[in-house]
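Please keep the structure open beside the text while reading.

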Amino acid sequence: MTSRTRGYDAFISYSHQADDGTAARLQRLVRRVGRPWYQRSGLRIFRDQTNLVMSESLWESIARELRRSHHFVLIASPQAAKSTWVRREVRFWRDNRDRATFSVVRVAGTIAWDEEAGDFDWAATDALPPDLAGWFTSEPHWGDVVAADERERSARLRDVAVAIAARLYGVDKDELHDEDEREWRRTRRVRRGAVTALALLSALALVLGVTAVVQGGRADDEARVALSHRLASVAESQFATNLDVGNLLAVRAFRTDANARTRATLFRAVTENGTLVRTLPFDQDVVEVATSADGGAVAVVLRDGAVLRWRLDQREPERLFRLTGEPRGVSMSADGDVVVAASRDGASLARPGRPVEPLAVRAGWRVHGAAVSPSGRTALLSVAEDVWQGRMAVTAFPVGDGPLTGADHEQGAERAAAADLVETSDDEVFLLDSGYGFWERRRLSDWAVVAASRASFGTVNDGVAVAADRGAFGYTNGSPTIPVWRTDRETDIERPHLTAHAPIGDPDALALSPDASRLAVAEDHTVHVVPVGEVGAPPTEPVRLVGTGRITPDTLRFLGADGTALVAASGNRVAVWDTTRADRISRTFPVDVGSGCSACGPPRVAPSPDGSHLIAFDGAGFAGVAGPTDRPGAVRPLPDLGANLYAEYGPAVWDREGDRATVLVEPPSGGSAAAVPAGLPDFVRGVAAGERAGGVLAAGLTSDGRQVVVVGVDGGIDLVDPATGATRTVVPDPGAPVGPKPPRLRAGAVSATGDLAAVHDGDSVVVRAVRTGDVVGDIPVPDRQPHLVFVRDRLLVQRDSGELEVWDERGGRRLGAIAGDGGFFNPPASNGALVARVRDDGSTSLADLDSGAVVGTIPAGPPGRRVGVGFSGDGTELVAVTEGNDLGRGSATVRDVSDEALVRTACATAGRDLTPAEWDALLDVPAPADLTCR
């Protein structure tokens with residue numbers, strides 16, 4: 001399919017309640033500026049004229065026009081500042097477009113700028129929605145039509161219209177104003193009948209001039225689209241090794257022009273290398289990294305010795321102190337509050353509520369390693385005399401309320417070198433010399449040796465790592481088999497206690513999880529994460545983490561206590577990965593949804609209109625779950641239908657408000673009524689689906705929200721009152737003679753308004769008016785198992801061939817088709833802008849419904865498990881439910897696929913703004929003045 005229009009030059013946002021006709025007048029004036037009265041305007045202005053209350057289905061249509069618009073005009077007033085519509089439109093534009101395309105026209109109220117704060121004075125400003133706070137970096141210009149009388153107001157409105165039209169045409173305002181004045185005078189002469197040959201020639205010249213302006217505007221459109229495609233291509237080239245730059249360019253491409261190509265790139269940006277959660281940029285190269293056991297903080301040492309702490313829930317890092325000399329280690333407490341860092345010449349400690357404190361080192365001694373206990377109550381330095389074969393010691397500092405006073409403990413004369421890898425608790429310390437392999441565990445109370453040995457690492461030593469619980473350490477010389485030794489027994493370099501396997505040859509960095517159950521090793525821009533197991537265990541496929549450059553040695557660390565998250569530095573960036581995440585817009589949690597039966601379809605998914613709740617059933621309808629998606633533990637199984645032999649849960653239909661759903665209970669085959677089970681959640685209302693057909697194809701809500709439309713497998717249509725269960729049969733006509741038993745149908749759908757129902761009867765798709773049962777459309781579809789979906793004002797027909805046909809909702813006109821193959825035999829889902837189709841391998845393809853272009857593909861989950869998908873009523877969230885089996889529970893994955901969320905996630909992943917130097921290095925066009933991603 002292809003788009004039928006080029007979009008809108010501007011979108012006018014205003015309060016319908018407060019509007020006195022200004023919006024319509026402004027729209028007319030902007031379109032009339034600088035053109036003859038008889039000529040059609042070259043500008044297309046969108047002004048919503050609906051006065052309906054906010055609904056999510058209506059919002060999606062507004063959002064669609066926002067995506068197709070290039071400029072935004074806010075008619076500012078106190079009522080507009082409070083309008084739900086206006087605020088949401090403003091938020092959309094702020095999240096998806098440049099502020100250079102945002103214009104303000106004040107018609108009432110106050111707008112005040114605070115120069116010192118660099119923002120609007122929100123104590124005095126009442127005409128702007130608060131959603132604009134912090135967006136503008138300098139005082140913007142706004143048009144003002146507030147005047148003492150109507151004559152002055154009209155003059156001001158015309159001046160504002162000229163200014164807006166000049167921006168849209170891309171010409172100077174004064175030139176357009178002069179041209180408009182000339183045309184206005186010409187028009188007056190024409191209307192007085194004093195048209196002369198000279199006037200005709202002038203009009204012709206103006207026609208040609210305006211035509212040139214319009215054509216220039218179209219050329220600008222084409223240039224903008226071309227630039228957006230160029231940005232998208234460059235963004236995609238950066239995903240593998242510079243994901244932060246790729247995300248920033250993807251946002252820039254989408255904001256330059258929101259089209260199917262740039263939306264696909266933006267979707268890739270937030271799903272590519274999905275385990276990479278975000279990157280943390282610094283102003284210099286990172287040489288040392290530490291992580292907190294609670295997973296909430298990262299400490300780094302930069303090349304110039306600066307020590308910073310980054311709380312991952314905050315946007316900017318906190319600068320703690322600066323080291324002098326070559327960095328020798330950094331460590332932090334489990335909660336990230338206490339940080340100790342050391343250089344060759346000294347060390348310092350930062351803790352809450354106190355100034356940074358130095359850790360004393362004896363004169364003539366050098367620091368080799370540093371650590372702080374998980375509690376933050378003990379800090380340690382491994383030190384040695386700065387002479388050949390000098391003495392070695394560990395200095396322990398109790399971190400209490402008083403001054404930091406260290407106690408020295410000699411390490412023993414048998415050691416060849418000072419320990420440079422140190423892990424400690426408040427009771428015991430583990431010390432390892434990563435060069436020779438000497439290690440020991442000592443009690444801090446009396447410095448007694450708990451265990452000690454020597455690993456005798458070879459001359460090829462590519463990395464050594466110690467588990468945070470001090471129970472094991474590992475070493476690599478580049479062999480794919482990586483040995484790991486426990487610290488509660490002797491070390492034999494030839495006989496490791498455990499091993500891990502990774503496809504490496506020349507690694508850059510090594511890390512062990514806190515409990516030594518997993519090992520990570522970095523090589524060639526990739527981090528391989530593998531399990532640690534018994535010697536001789538077969539290799540397993542590693543989890544591969546990418547999206548950044550070559551990993552800096554000694555900066556690969558596990559984050560948190562469960563071994564699922566990691567961090568690593570590459571140049572001046574620290575990457576954060578979460579191996580449990582499918583991508584950066586999703587969250588996954590277990591649900592008790594099984595397979596139902598081997599011949600059944602995939603799970604049926606019914607998210608609430610705002611995506612806050614989920615109802616899902618197995619493919620047979622024998623069982624289901626329901627609960628809030630923000631509390632996965634509360635998504636619980638629905639009551640068992642065992643007492644109703646062969647009864648099934650039918651479709652779930654949400655109320656317009658989204659606070660309650662009606663779940664139909666289908667009768668067993670044969671037609672007897674099924675009892676509604678007790679114990680349904682408060683937000684779920686069970687209703688018997690009737691006795692006639694013994695099966696429900698589809699259900700929906702009538703436009704007034706009072707009745708549920710039920711389409712049976714016999715093609716019948718019932719209207720059910722969910723409050724009383726009262727049922728009125730529409731099809732077949734209750735007064736008609738009883739005919740032969742109708743065939744069992746396989747596909748049906750109910751429109752969003754509940755006014756239309758469609759069924760497939762084997763030869764065609766029949767569309768009926770729900771209230772009367774009259775046939776209003778008939779689409780020839782001689783398929784065995786098509787699928788039908790109503791979305792907004794369209795009817796989607798998934799053919800057996802895999803092609804998805806798009807029809808008007810009455811089936812009278814085919815609007816287009818989206819290509820497919822026989823692998824698409826599962827029911828599709830759509831939010832009106834995107835369509836999600838699950839392949840037979842479990843992967844999900846997302847396509848733009850207007851153009852048919854593929855936006856992205858969501859990889860399949862566990863093999864052999866079927867997947868069902870559904871969109872929330874507001875179209876922002878896509879929910880996929882994967883069925884469970886004997887080997888494990890099912891799962892639900894919720895993704896926010898709204899444009900706003902994609903932009904927000906891409907910016908958060910990068911954690912910074914694009915720099916002019918990065919732009920110039922990748923693109924051959926001048927960088928825009930504003931490269932911010934917020």
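The protein chain has 11 helices and 63 strands, where helices (H or I, at least four residues) and strands (E, at least two) are DSSP runs numbered from the N terminus. This is a predicted model, in which local features need pLDDT of at least 70 and side-chain atom pairs count only at pLDDT 80 or more, while totals for chains, interfaces and linings use all residues. Residues are numbered from 1 along each chain as its sequence is written, and side-chain values use heavy atoms, with hydrogens and water left out.

**Chain as a whole**
- Of the 934 residues of the protein chain, 56% count as buried, a term that means under 20% relative accessible area, with exposed over 50% and partly exposed in between (1.4 Å probe, protein chains only).
- Among contacts in the protein chain with a separation of 6 or more, 52% come from residues 24 or more positions apart, a contact being heavy atoms within 4.5 Å.

**Helices H8 and H10**
- The axes of helix H8 (residues 243–256) and helix H10 (residues 899–910) come within 8 Å and cross at roughly 150 degrees, with axes taken as lines fitted to C-alpha atoms, for helices over the stretch in contact, and angles running from 0 to 180 degrees between N-to-C directions.
- Asp244, Asn247, Leu248, Val251, Phe254 and Arg255 of H8 meet Asp899, Val903, Ala906, Cys907, Thr909 and Ala910 of H10.

**Aromatic pairs around Phe473**
- The count comes to 21 aromatic pairs, where rings of Phe, Tyr and Trp (its six-membered ring) pair if their centres lie within 6.5 Å, and planes under 30 degrees apart count as stacked, over 60 as edge-to-face and the rest as tilted.
- Phe430 and Phe473 form a tilted pair, 6.2 Å centre to centre with 35 degrees between the planes, and this pair links strand E22 (residues 428–432) to strand E26 (residues 472–476), the two residues being 43 residues apart.
- Phe430 counts as buried at 0% relative accessibility, and Phe473 is buried with a relative accessible area of 0%.
- The rings of Phe457 and Phe473 have centres 6.4 Å apart and planes at 75 degrees, so this pair is edge-to-face.
- Phe457 lies in the loop between strand E24 (449–454) and strand E25 (463–466) and Phe473 in strand E26, so the pair ties together parts 16 residues apart in sequence.

- One aromatic cluster includes Tyr8, Phe11, Trp93 and Trp142.
- Arg97 lies over the face of Trp93, at 5.0 Å from the ring centre, and its charged end also sits over the ring of Phe254, 6.0 Å from its centre; the rule asks for NZ of Lys or CZ of Arg within 6 Å of the ring centre and within 35 degrees of the ring normal.
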